[in-house]
Amino acid sequence: MEETTPSFKIFPGQAFPLGVSEVDNGINFAIFSQHATAVTLCLSLPQRGELDQLAGEMIEFSLDPHVNKTGDIWHICIEDFPRSNVLYGYRMDGPKDWDKGHRFDSNNVLIDPYAKLVEGRRNFGDSNHKLSKFLGTYDFDSLPFDWGDNYTLPNLPERDLVIYEMNVRAFTADESSCLDSNLRGSYAGLIEKIPHLQELGINAVELLPVFEFDEFEFQRRPNPRDHMINTWGYSTINFFAPMSRYASGGGGAVSASWEFKEMVKALHGSGIEVILDVVYNHTNEADDKHPYTTSFRGIDNKVYYMVDLNNEGQLLNFTGCGNTLNCNHPVVMELILDSLRHWVVEYHIDGFRFDLAGVLCRGTDGSPLNAPPLIRAIAKDAILSRCKIIAEPWDCGGLYIVGSFPNWDRWAEWNGKYRDDLRRFIKGDPGMKGAFATRIAGSADLYKINKRKPYHSVNFVIAHDGFALHDLVSYNFKHNEANGEGGNDGSNDNFSWNCGFEGETDDADIKALRFQQMKNFHLALMISQISIRLTVNKRPGGVPDLSPSTPRLSGTPMMLMGDEYGHTRYGNNNSYGHDTAINNFQWQQLDARKSDHFRFFSEVINYRRMHQVFRHENFLSKGDVTWHEDNWENPDSKFLAFTLHDNSGGDIYLAFNAHDFFVKVSVPPPPPKRRWFRVVDTNLPSPDDFVCEGVPGIGRTYNVAPYSSILLDAKQ
C-alpha cells in the first residue's frame, strides 16, 4: 500500500458497515465496487472553503486488493483520524470497455454512495461557486440529537391524512415571508411558518426532494436551459444526505442534518407528519452524451444503472433524465432499503412518495416485473412498517400502472385517473358524470383488489408537476417559453379551461368564475373521502353502472402549496428551473386573500376533518348513501347529487353542477327531527360561500347555479 502522507497509521479495515464508521482503532471507510480494479481513498481536512478550491490538496491512500478488499467491498481504517470536519471521496479505475457498460475514469473524485452527509457550496444559487465539487463528510463529535422527553410520532391513520405537497426552499424563499434573510428558504424557515399549516388544517406535508442535489446542473455547459436553477430537486446526488443548502445561514452539511431534525420535531409537535418525495429512479449523472460523473457512474456504472448490452452498452432511459437506476439489482436494492431505513431511524420520517415508481418495477434489463423484489422488500421491511409508502405508478418509458401497481396490500398510489376525471367533469366536458362519481366514490374499479383500502388512492387535482390550481382555470394552453425548450416540455394534456380568457384579466365576471371553479375543485377533493363504493359494470353503450353497492371509504386528498391563495405560475406547467416568484410562495398574496380564498379552503379542510362521515375505514352497508340520479346514461348530463347517511342522523347532501345553466333540484327530506342547513354554495360570495354552522331555511328545492356546488348538513 502506498500513502502520500506517512503520519497516519493505517489498518486493513472492515467491510461493514458501508460508508464511514467509527471503530475502536479509528475511522473505517468501506465502499462497494464489483468491477473496479483500483481504488484510492481521497481525504481533505480543510479549514473551511468552497470545494472548488480543493484541487491538489487531498491526501490519497491507494487500497491493495489483496489486503483492503473483501468480496466486492474495498475498505481501510485510519487510526487517530479526525472524528469530524473531514471531506472524503474515491478515485476508481477499472475496465475501459464502454460497450460492456463500464465508465471508469480515475481522474474523478467520487462521492461515497453511503455518505451520510455531503458538502458542496454553502449557499443555494451562489453563482460564484456554481462549479464547486461535492464530497462526503461525517460527524462523530456532535452529541445525539435531543428529540425531547415528551416527543411522540403523530402516527396518523392513513384515512385521516390531508397532504400538503410543498417545496422547502420555495415556501419561505420570497422576501414576503418577512423572515430574516438567513432563514429564508431553509428548514428553519419552514419551522417559522408552521402556524400557517395549522391554520390551513393539513396534517401531513409531502416535501419535494430534500436529498442532496446540485441546483446548478443546467449551467455546467452551454445549452437552452443554462439560464435556469433546479429548484424542485429531482436530480439526486446522494440518497442519505439532506440537502445541505437548505441549512440556514449557509451552515453546511452538519447544520443541515441538525436543522432538518429540528424541522421534523417541530412539525410532529404540531401534529403534522412528514412524507418525503424520493427519487430512486435516476440520479444527477445524466446521459452518455453529456455525463456529470459524481458518484455511481464512476464507481460501478454497470451495477448501478440499466445498460443495453445489445446496443454498445448505452444507458437505458426510462426516466427522461438520461439514466435509469438499476433498482432491482441486489446491491442497488439494498442501497435503497438502507437509505429509506436511515431516513426513518435517523430523521423520524413518516412516509415516502416514490417518484416515477414504474422504474422500480423494472428488471435489470428494463423489462416490467410482475413481482418486483424491491417493491416487495419495501412493503415487508420491519423498519418501514409504520411508514406510508406512495407510488407515482408510471414512468417515462410508457409503463402506466395506475390501479395495478404491485402493492402487497401496502402501497398507495397517486391516482392520475382521479386527477384527469375530476378536471374534465368540473370544467364541463360531456360524458364525464359517471367517471366523476366513480372517482369521488373511491375508484373501486382501480383499488378493490385483495386487501387494499380506499386510502391507497391518493387523490389530487393539482401537484407540483403541471398547472397550479389558479392556472388550471385560467389557461387553455401551457406557456413554458421561459424554460428555454421551445415549449416542447411539459404535458399537453392539462384538461384545463380558462373560463373565457387566456391568462390574467381584470374582467370581474371571469375572475369570479375562476374563483368559483377553484372552490368546486377543492370541495370535490375534500369530500372524496366519502364512505361509498360504486359497482362499475358496463351497461349497453359503455355507460358505467353506478348503482350503489357495499360502500367504502375513498382516498387520501393531497393539495399543492400555494393553491390556498391562488398561486399562479402564469401558465408554466413545468416550472422546475425557476428559483423565482413563479415557484416561491407569495405571502403578501396570501394576506390579500385571507378573508375569502384562504378562508374557504381552510374551512372546507377543517369541516372534512370534523365529520366522520368522510373518513370511515371499513365497509359500510348499502344504506349509507343515496344517489339522487336517474340520468346516468345521458352524456350531456353534467349534474350529480347524492346524500351520505350518518348513523346519528347527521346526513350530508352534496350536488355538483357543471352545466352553464341553473339546475333546480328537489332536495330530499332530512332525517327525522332534523333540518337542512346550507354549509357550502360556491356560487355565493365570501363569507356566504362557506358557513360552518350552516344557514337554515332550505326548502324542498334548491336552484344550483352554473358551475357551482353545494353542501347541506342535516342538523337538529
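Student: Which residues are linked in a network of salt bridges?

Tutor: Arg121, Glu212, Asp214, Glu215 and Arg245 are linked in this way. The model is a predicted one, where local features need pLDDT of at least 70 and side-chain atom pairs count only at pLDDT 80 or more, although totals for chains, interfaces and linings use all residues. Residues are numbered from 1 along each chain as its sequence is written, and side-chain values use heavy atoms, with hydrogens and water left out.

Student: What makes the contact of glutamate 212 with arginine 245 a salt bridge?

Tutor: A salt bridge requires a side-chain nitrogen of Lys or Arg within 4 Å of a carboxyl oxygen of Asp or Glu. The closest N and O atoms of glutamate 212 and arginine 245 are 2.8 Å apart, so this pair meets the rule.

Student: Why can one say that glutamate 212 and arginine 245 tie parts together?

Tutor: Glutamate 212 and arginine 245 each lie in the loop between β12 (204-207) and α4, so their pairing ties together parts that are 33 residues apart in sequence. Helices and strands here are DSSP runs, numbered from the N terminus (helices: H or I, at least four residues; strands: E, at least two).

Student: How many salt bridges does this rule give?

Tutor: The count comes to 32 salt bridges. One of them joins the side chains of lysine 96 and aspartate 93, at 2.5 Å from N to O.

Student: Why is histidine 470 placed in its accessibility class?

Tutor: Its relative accessibility is 12%, and therefore histidine 470 counts as buried. Histidine 470 belongs to helix α11 (residues 469-472). Neighbours within four places in sequence left aside, its contacts (heavy atoms within 4.5 Å) are Glu504, Met518, Gly566, His567 and Thr568.

Student: What accessibility does isoleucine 111 have, and why does the value settle its class?

Tutor: The value is 0%, so isoleucine 111 counts as buried. Isoleucine 111 is found in the loop between β8 (84-93) and β9 (117-119), and among its contacts, with neighbours within four places in sequence left aside, are Val118, Phe134, Ile237 and Ile299.

Student: Which strands make up the open sheet, and what is their pairing?

Tutor: Two strands count as paired if DSSP finds at least two bridges between them. The open sheet has five strands in the order β5-β4-β8-β10-β9, with antiparallel pairing.

Student: Why are β5 and β9 called edge strands?

Tutor: Each of β5 (59-63) and β9 pairs on one side only.

Student: What makes β9 and β10 a pair?

Tutor: Three bridges join β9 to β10 (residues 135-139), and these strands run antiparallel; with at least two bridges required, the two strands therefore pair.

Student: Which residues touch the most other members of the largest nonpolar core?

Tutor: A nonpolar core is a set of buried Ala, Val, Leu, Ile, Met, Phe, Trp, Tyr and Cys residues joined through side-chain atoms within 4.5 Å. In the largest one, of 169 residues, Phe29, Tyr164, Leu276, Phe352 and Phe354 touch the most other members. Another core, of 16 residues, lies apart from it and includes Ile163, Trp394, Tyr447 and Val458.

Terms used:
Buried < 20%, exposed > 50% of the residue type's maximum accessible area, 1.4 Å probe, protein only.
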